[in-house]
Amino acid sequence: MKEQFVAKRIVNIGLIFLVAIGFSVIAGRMSGMYLDQLLGIGALTVLFMVLFAFLLIYERNRKRISHNRETDYGKIFKGFLLTAILAVIFLFLPEFTSPVMILPILMSAVGTYELAVCSSFFFCTVLEMAKGCQSYEILCCTMLLLAGFMITHMLEDTRNKMWYLILIFAVAVLIPVLFSYFFYQEPHYDILGKAAIGAAVTDLVAAFVYPFLTKQKEAEIDNFLTDITEEDYGLLRELKKFSRQEYRHALRVSGIAEKCAYIVGADAAVCKAAGLYYRIGILDGDPMVENGVARAQDHCFPEKVTEILSEYYGIEKMPSTIESAIVQIVDGMIKKLEALEKTSKIAGGWNKEMVIYQTLNEFSAQGLYDQSGLSMNMFLKIREYLVKEEALLL
């Protein structure tokens, strides 16, 4: 599938850009920067955003964001917005007391490690510029971020989570206390108390917010598959408005493909979604396959579903997964029975059984499933099920 510009991604990148600019302006105004200084920090923000946008695209193409190339960056934007809000709050905190370890923990939970590094250092750079760029506080912030990056990876090991939380608390207290001592050349117990509060907040984020956001990220594709199969989903409503006959066909393919997937142990959610939109290219006409894929990409469908649409009847490329083979089998079978009903009014009984056996054997003989991983045993199970499936009776 060729890459294309997708409106949802462009909008979310634009929103991230606005958040970054907004944070820079707020930080600059609060610190009393002059116009030329504001322009300078604005230029740094634009430079950061260009690099961040390229990194987003690179990470998506590597399937690092939810293991899916077709993500819309929605969760990345929400995580970026949340970290920006926290960074604004940090502007009001006394020196050496900002719990900046929270930033990489949050961004790692919604995105990737690389995105967390990039965004966290951006916020801390602007934060320290707004606070006057004291060298020891900059070093303190940098050390806290580095510790946050290292410990974030450890949080995935839930068996030793308590030890990691203790480590976070100790690091988040000791680093600010040590650097404040280097700066003032005497202990400041108020910084110790405030650092301890920040460390406790960081622990709460690591213990509860991080696993929650991580689960949301991991479930992104499953949740989206559920969303696009809901009756009120926009593209499905458009298909229904375009042709009720096509809409009914899509529902039948979706339901039967889902059942076939359960029978052979394939991904039922993917089959259900792909069955609904297998012929979505009909909305725009020929070339149907390209238009169907373009529609799916515009809506940021999960890559597995978009791939199935690109393999429609092997026109451009053969089915490459079991799910793709299942959807093609079911769609082809229902299409054949619908055509027969219009011409000869064939219903159930031996006629239906004969048509199913003949049609599926023809599909198999054409080599449509040779690259899909669909075994002969799976093929026979699906064929026997379709013979008995009452939903195929028209």
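**Helix contacts and salt bridges in a predicted model**

In this predicted model, asparagine 12 lies in helix H1, which spans residues 7–30. Helices (H or I, at least four residues) and strands (E, at least two) are taken as DSSP runs and numbered from the N terminus. Residues are numbered from 1 along each chain as its sequence is written. Local features need pLDDT of at least 70 and side-chain atom pairs count only at pLDDT 80 or more, while totals for chains, interfaces and linings use all residues; side-chain values use heavy atoms, with hydrogens and water left out.

Asparagine 12 has a relative accessible area of 11% and is therefore buried (buried means under 20% relative accessible area, exposed over 50%, and partly exposed in between, with a 1.4 Å probe and protein chains only). Apart from neighbours within four places in sequence, asparagine 12 is in contact with Asp72, Tyr73, Gly74 and Phe77, where contact means heavy atoms within 4.5 Å.

Cysteine 118 is found in helix H5, residues 113–131. When residues up to four places away in sequence are not counted, cysteine 118 touches Phe48, Phe52 and Leu55. The C-alpha atom of cysteine 118 is separated by 19 Å from that of valine 25, a residue 93 positions away along the chain.

An unreviewed UniProt entry lists residues 12–32, 38–58, 79–96, 102–124, 136–155, 161–184 and 191–213 under "transmembrane region". The UniProt positions are given in the numbering used here, feature names are shortened, and annotations may be inferred rather than shown by experiment. In the model, residues 136–155 are 95% helix and 0% strand, with end C-alpha atoms 28 Å apart. Residues 161–184 are 100% helix and 0% strand, and the end C-alpha atoms of this span lie 35 Å apart.

The axes of helix H13 (residues 288–298) and helix H14 (residues 303–310) come within 8 Å and cross at roughly 170°. H13 is therefore roughly antiparallel to H14. Axes are lines fitted to C-alpha atoms, for helices over the stretch in contact, and angles run from 0 to 180 degrees between N-to-C directions; angles under 35 degrees count as roughly parallel, over 145 as roughly antiparallel, 65 to 115 as roughly perpendicular and the rest as oblique. On the H13 side the contact is made by Val289, Gly292, Val293, Ala296 and Gln297, and on the H14 side by Thr306, Leu309 and Ser310. These residues divide into four nonpolar, four polar and no charged (Ala, Val, Leu, Ile, Met, Phe, Trp, Tyr, Cys and Pro count as nonpolar, Asp, Glu, Lys and Arg as charged, and the others, Gly among them, as polar).

The model contains 15 salt bridges, each defined as a side-chain nitrogen of Lys or Arg within 4 Å of a carboxyl oxygen of Asp or Glu. One of them joins glutamate 303 and lysine 63, at 3.6 Å from N to O. This pair links distant parts of the chain, 240 residues apart: glutamate 303 is in helix H14, and lysine 63 is in the loop between helix H2 (35–61) and helix H3 (74–90). Glutamate 303 is buried at 14% relative accessibility, whereas lysine 63 is partly exposed at 37%.

Glutamate 307 forms a salt bridge with lysine 317, the closest N and O atoms being 2.7 Å apart. Here glutamate 307 belongs to helix H14, and lysine 317, 10 residues away, to the loop between H14 and helix H15 (322–344). Lysine 317 has a relative accessible area of 30% and is partly exposed. A salt bridge also connects glutamate 137 and lysine 131 (3.8 Å, N to O); glutamate 137 is buried, at 5% relative accessible area. Glu59, Arg62, Arg64 and Glu114 are linked in a network of salt bridges.
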